[in-house]
Each structure stands twice: as C-alpha cells, then as structure tokens.
Amino acid sequence: LTLGLMLVYSLMNYFKIRTPKMIKIPLISVFAILLSTMTSVAIADDHAKKETSTGTQQPAGVNTLSCNFLPGKDMDDYMKVVNKYNEWADENNPNPQSAWVFIPSFFATRAHDFYWVGASPSRLEAAQNMDYWMENGSSLGKQFQKVTDCDQSQLWAGQTIYASDNFEDLPRGMVGAQSCKIHAGKSWSDVGEATRKIEQIVMDAGVTNRAVYRWQPREGVDRSKTDFLNLFVSETMEQRIRNGNMLSEAKAWPKIREINNSVMSCRSLGMSRFIKVR
C-alpha cells in the first residue's frame, strides 16, 4: 500500500487503481490512512461532498508490505521494477488496483525504508488479484527480490472517513498514522459516533483540504496491539500545519481530544511521505 506492495502488506511495523482513491477505496486511503476505516461517516459541505454512512460503505481491500532496500539499491531501482509490474498488472490483474509507496519521514524509530500499499475496491477483489499474482507473477517477483527485502505482509479492510475532491487522484503528499484501541465497554457504534462528532468539529472549523481513512486489521496483523489505524492525509506539510492552526484558532483540539479519549486510546505511528505509483 495494498503496494509487493504505497505497500503488499504492513504499515509502520503494524503495520493507480483505476477507480477508487487511496483508501477511498492511501491510503487507504489512509493510511488512512492513516485516518479512519470500518466505520465511516457522512460529512459534506459546499467545497467537498464525500458522503458515506456508518457501516454501509463497502470496505476496500488493502495490502501492505514492509520493505528494506538491498545493499546498493534505492528507490530508482525499485521504481524500474514497479513500472514493469504496472504493465504486467494492466494486462493480467483480474480487478482494479491502486498503489502507493510510503516513505517514513518523521519517526522516533524507523524499522523499514518504505512501505508498499496496494488497494482494490473490495477485499474479495484484492484477494483475487493476490491469488493471480502468486500463481503467475514469480518471474517478475524475482526481479523485486533483487532490489528489496520485504519481511512483513498484512491485509486490512479500509474505508474513507472524509476526502476533499482534490484528493481524488493525489499524486503525492503526507500521511500521518495512528494505532487505536477501543476502550473496554465501548463498541464500533461508539467509535462511529465519536468520529461523526469529531468530523463535524473539524468541518465547523473550516478545515476541508484533507483526507481521513481508517484501516481495520485482517490477516497478518497482531490485533492485540490495534483495533484500527487512522490515516490523516494532507497535500503538503505546509497544508498540514495550516489545518492544525485552523483547529487551534477554533479552539477545537480540547473538544476533539475529549471525544476521542472517551472511546479509544490512540498513539502516533509517525508520518510518511507518499507517492502514488499505480
């Protein structure tokens, strides 16, 4: 991511499709990417109308891959193989797929050089793509193995919480990720309600140039550590700071923290630069 892989299997140690978005379907949108999943919210205004209702949006199939470059190799070498993969996938993938590369930028500890994140409109379609790759992609897979060592693969179910119109096909940007655990006695319904309230506060503050995705763990993820990932996407670091300043000016942060902390506990997984590669 979902992106071998922007990214086909894990994000942050826990961690162009032809139709959906990063986790419109990051992506994760995440990612959200990350940003928010499994429970989605309906938020719309005159600038951006991305409406989904809690529990009704079809979860995207997201697969992530945690990778390190082999000695002497770098992103240029990797992208040469990715270009070959894109040609192969265009001809062979049974279903649409989008992909991104997440490059860690702000982390307390950095365990991998990058994360491949790939996404398809549904988990079933993602699984069908992966099955076909496993059966028919061995030759191209060997070329990837000459460039990278990818040691952790994971699958997620992803949904869009919010995405402004200009994030439809964002070529690059910044994504911050959180890992969240739901408090004992709380439910996904409580998470959805908290998300709706927080989104309304953010919208009331005038913050619309952004995207939020949520990924719920599936195969390969230690669920004792996370119930879901939130991915918060911005076009640039400048835009991320501007959005934060708008929330500060609206005195929104204390309200957001109070709502969030009443239902879940979240910890930052760091921030990455992402590039859409498919």
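Within the largest nonpolar core of this predicted model, which has 21 residues, the members that touch the most others are F102, Y213, W215, L231, V233 and F274. At least two residues of this core come from each of β4 (98-106), β5 (114-120), β6 (148-163), β7 (172-182), β8 (211-217), β9 (228-234) and β10 (264-276). A second, separate core has 20 residues, including M75, A89, V101 and L140. A nonpolar core here is a set of buried Ala, Val, Leu, Ile, Met, Phe, Trp, Tyr and Cys residues joined through side-chain atoms within 4.5 Å, where buried means under 20% relative accessible area with a 1.4 Å probe, protein chains only. Strands (E, at least two residues) and helices (H or I, at least four) are DSSP runs numbered from the N terminus.

Residues are numbered from 1 along each chain as its sequence is written. Local features need pLDDT of at least 70 and side-chain atom pairs count only at pLDDT 80 or more, whereas totals for chains, interfaces and linings use all residues, and side-chain values use heavy atoms, without hydrogens and water.

Buried residues of helix α4 include V191, I198 and M203, and just after α4, G206 takes a positive phi of about 90°.

| Core | Residues | Some members |
|---|---|---|
| Largest nonpolar core | 21 residues | F102, Y213, W215 |
| Second, separate core | 20 residues | M75, A89, V101 |

Terms used:
Buried means under 20% relative accessible area, exposed over 50%, partly exposed in between (1.4 Å probe, protein chains only).
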